[in-house]
Structure formats: structure tokens, C-alpha cells
Amino acid sequence: MGKIGQLFWLVIFISLTLSGCSSATEKRANAKKAVQKGAQQGMKTYYMGRFAVDVPAEFKLAVQSHRFRLIEIEEYPEVQDAEKKWRDYLATIERMRKPEGVKRIIIKEQKIDGMGRWAKGVLYYSDYMADDECNWDIFVSYGNSAALFQLKGLLGKEHSMLVWLQEVARAYRPESAGRTGKGRQFHTEHGVIELPYKRQESTYARFAGPNGMVLKIEMDEIHKASEKEGIIDRTVAAMATGFAAGLDIKKIRSQKRTAAGLPGEEEILQGDDGKRKNVSFDWEYLGRVDSGEHPKIQISIDTMADNLEEKVRIWDKVLDSFRPVYQ
């Protein structure tokens, strides 16, 4: 990326990180119809957290990650030999650096009943700098797929850690079991967790699109109301401090905009130094405190300014399709 791109994205980055239109009724009605009918023609539906979004088929999912109730979840949608995968995972743990004075990094292994076709757990030292920090991991085989659930904690709390971990692992269903788009499901890339919000839910996804377009979606719970202004005021403040010196910033769109029934703010900005033009599409909802259904949400597309009208149409289709799936 040239200096123009670096400078422009610096402006946008600073404006975004200074914080941490139809009616809402019409949006909710459209969202319910979209869940029932599926993605629009030429679009693919992706489920993430307690929401879903339709993305053009040309966009390829580069990464999707989740954290649920402090637990990291790693999914394996296609597994030929789950036993070998588990043995390989244990071997990886064995190669980790041990805390001083510890003879074996693995503290305990055990079979876990009542999950998938079979499940096994391992308790081990998680930090070579501390002999009181540990991980409980549970690996579950569902036949042709598997999932790994990981929870960090302290020795002395390992029993309650295992109880906590098992509650989430038992509530997980691989995608082959079917997504209903109803109830209190938390959606991962390849499955669902049938539990309501309790704490620590987050989702991140990045898509690589045509013409250099990069779509990002990020959702995180918040524990205290934001004291910062919305994206519009933050961008104005960042530009006023001089970060945009030598760069012509054009506002293509800057407005309040509802998505998924949530009142957010939208900005489409173009940066131009006479040699190159970059465009940033951003929508942000600041969230409600301790809510799985109202997390802080940021949706963005970074791209060059070519074919701008078509890119605006793509942006609008994606944002209009964003919807809750807990209704």
C-alpha cells in the first residue's frame, strides 16, 4: 500500500479506535423474511454469534473466530481420523515449554461421557512462566467432524473449570444437526451453541472480495456504556486534529442508519492525494451493557475507489441483509 493508502487508513483507524433509512419495525420485518427465505440470489448466508448476514458469493471467508463464555472454540468440519487428530494435539501439548520444576506438562487426561461419538479432556500447564496457570481442553468427535473447546484458568479451580467447559461443549451442535435461526442459539462457523447469553461473547469475520474489497464484521460484548461519541463525531474530531493533512477527504455518505433493527451510524469516506483514491465503508452500533443480543458491532469494507457505484450497491445489500437470528 502506498503513502496515500497508509495515511488514509491511519485516519480511519484513529477515528474508529477513539472509542473503544427504513423504520426499525420495517427492518425487523424484513429480517424475519430474510431468515425464512435464505440468502438473496447470488448471495451466501453466514451465521455469526446471534446474527446472520448475506454476502456476495464472490466474497470468500478468510477467517471466522468466536469466543463464548471465556471459551475458545476451534472447529474441524472434515475429520478423517479423529483419534489421530487427538493424539497429534496431545503431542503438541507435550512439546510446550514446562514451568520450572514441573516434570510433565500434562497434569491429567480423562474420558468425557455424553458428548458426540466420544470426547476426551486434558488438563495441562498453560504458561511456562507460572506453575499455577492451566488449561482444560475438551476434544469432541462427531464422526466426520470434531470440535475443540479450550478454557484458561488457575490450578485449584480446575474442577469448576471443567464443569463450566462441559456445559458449553454439551450445548454445541455441529452444523449437520441443523441451524434453526430461532431461540437462543449462538452461531459459530460450523455449528451452534444452544445457550443464552451469560458473559464474554465475541465474533470476528473477514472476507476477501473482488477488486481488492475486504469486508470485516466484529461483535463484542461491552461491560460499560461508551462515553465516546459515535463514528461520525469521532471521525470529524480525528480529521480536525490534523491527521488528514495533505489528504483530501470526501464524505460520500455520513448518516444515522438502522441495521438488524439496531440504531447505528454509517460513513462512506473517500481519501485522495491526487494519485490514488481509497474508500472506507463503516457502520457501527455502540451496543448495550452485558447483552448478547445487543453487542457492540462494527461492519466495514476497505477498498479502492474504482467501480464505486457497484461497491456502494454491494455495501447496501450486505448491510440491509444483516439481521438477528434470535427472534
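A: Gladly! Strands here are DSSP runs of E with at least two residues, helices are runs of H or I with at least four, and both are numbered from the N terminus. This is a predicted model, in which local features need pLDDT of at least 70 and side-chain atom pairs count only at pLDDT 80 or more, while totals for chains, interfaces and linings use all residues. Residues are numbered from 1 along each chain as its sequence is written, and side-chain values use heavy atoms, without hydrogens and water.

Q: What makes β5 and β6 a pair?
A: Two strands pair if DSSP finds at least two bridges between them. Strand β5 (residues 106-112) has six bridges to β6 and runs antiparallel to it, so the pair meets that definition. K111 has K120 of β6 as its bridge partner. Five residues lie between the strands of this hairpin, where G114 takes a positive phi near 80°.

Q: Which strand does β6 join through eight bridges?
A: That is strand β7 (residues 133-141), again running antiparallel.

Q: Why is β6 called largely enclosed?
A: A residue is buried under 20% relative accessible area, exposed over 50% and partly exposed in between, using a 1.4 Å probe and protein chains only. In strand β6 (residues 118-125), seven of the eight residues are buried, so the rest of the structure largely encloses it.

Q: What makes β1 and β18 edge strands?
A: The open sheet has three strands in the order β1-β2-β18, with antiparallel pairing. Its edge strands, β1 (43-48) and β18 (323-324), each pair on one side only. Strand β2 (residues 51-56) is joined to β18 by two bridges, and A52 stands opposite R323 there.

Q: How do you know that helix α6 packs on this sheet?
A: Helix α6 (residues 308-321) touches β1, β2 and β18, where contact means heavy atoms within 4.5 Å. The direction of α6 makes about 160° with that of β2; axes are lines fitted to C-alpha atoms, for helices over the stretch in contact, and angles run from 0 to 180 degrees between N-to-C directions.

Q: What makes the phi of N211 worth a look?
A: Most residues other than glycine have a negative phi. N211 is not a glycine, yet has a positive phi of about 55°. This residue is in the loop between β12 and β13 (214-220), and counts as partly exposed because its relative accessibility is 47%.

Q: Where is D290 found, and why is it called partly exposed?
A: D290 sits in the loop between β16 (277-285) and β17 (296-304). Its relative accessible area is 41%, so D290 is partly exposed. D290, too, is a residue other than glycine with a positive phi, near 50°.

Q: Why does Q298 count as partly exposed?
A: Q298, in strand β17, has a relative accessibility of 22%, so it counts as partly exposed.
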